Amino acid sequence: MPLVKFQADDELANKLSAFTGHRVASKAFSDAARQALRLDADLRHARAEIAELKQQVKVYQQTLAAARDAAIQLAEVAGQGDMFQPKETIPSRLRHHVEPETSPQAGESMDHFLARLSRTGRS
């Protein structure tokens with residue numbers, strides 16, 4: 001094992017001794033150097049993992065944005081009044097069962113239909 005000599009102030013030696021648990025400064029510096037190498041490897045691994053997780057988050061955000069856009073489109077399509085059967089095409093035998101105020105009108109959006117129901121107190 002090579003002999004390494006260098007100067008260090010007392011404050012640094014005391015801090016490394018407290019950090020490593022070694023009372024002898026040379027052992028504290030040696031142990032700190034070993035820990036620094038392990039910590040460097042851990043840090044590199046953590047940075048790589050963070051980069052990978054950031055990429056996953058980006059993919060999840062894109063997926064969520066696409067799902068949000070699809071949900072908005074679905075809500076818009078589902079809210080279109082022309083998706084409901086217009087009153088005129090309801091068979092006459094069923095007309096007496098359908099109250100015009102509580103049925104969607106042809107071409108009426110879901111928002112307008114719900115607003116109309118709330119105004120009449122039938123929501």
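In helix H1 (residues 10-20), the buried residues are Ala13, Leu16, Ser17 and Thr20. These residues lie on the same side of H1, because they cover an arc of only 105 degrees around the axis. The model is predicted.

**Helix H1**

- On the other side of H1, the exposed residues are Glu11, Asn14, Lys15, Ala18 and Phe19.
- Helix H2 (25-78) is included in what covers the buried residues of H1.
- Gly21 follows H1, and the phi of Gly21 is positive, near 90 degrees.

**Aromatic pairing**

- A pair of aromatic rings is described by the distance of the centres and the angle of the planes.
- With ring centres required to lie within 6.5 Å, the count comes to one aromatic pair.
- The centres of the Phe6 and Phe29 rings are 5.1 Å apart and the planes are at 75 degrees, so the pair is edge-to-face; the cut-off for this class is over 60 degrees.
- Distant parts of the chain are linked by this pair, since Phe6 belongs to the segment before H1 and Phe29 to helix H2, 23 residues apart.

**Accessibility of the paired rings**

- Phe6 has a relative accessible area of 53% and is therefore exposed, the limit for exposed being over 50%.
- Phe29 has a relative accessible area of 17% and is therefore buried, the limit for buried being under 20%.

Conventions. Residues numbered from 1 in each chain as written. Predicted model: local features only at pLDDT ≥ 70, side-chain atom pairs only at ≥ 80, totals over all residues. Heavy atoms only, no water. Buried < 20%, exposed > 50% of the residue type's maximum accessible area, 1.4 Å probe, protein only. Helix = DSSP H or I, 4+ residues; strand = E, 2+ residues; numbered from the N terminus. Arc of directions from axis to C-beta. Contact = heavy atoms within 4.5 Å. Phe/Tyr/Trp six-rings, centres within 6.5 Å; stacked < 30°, edge-to-face > 60°.
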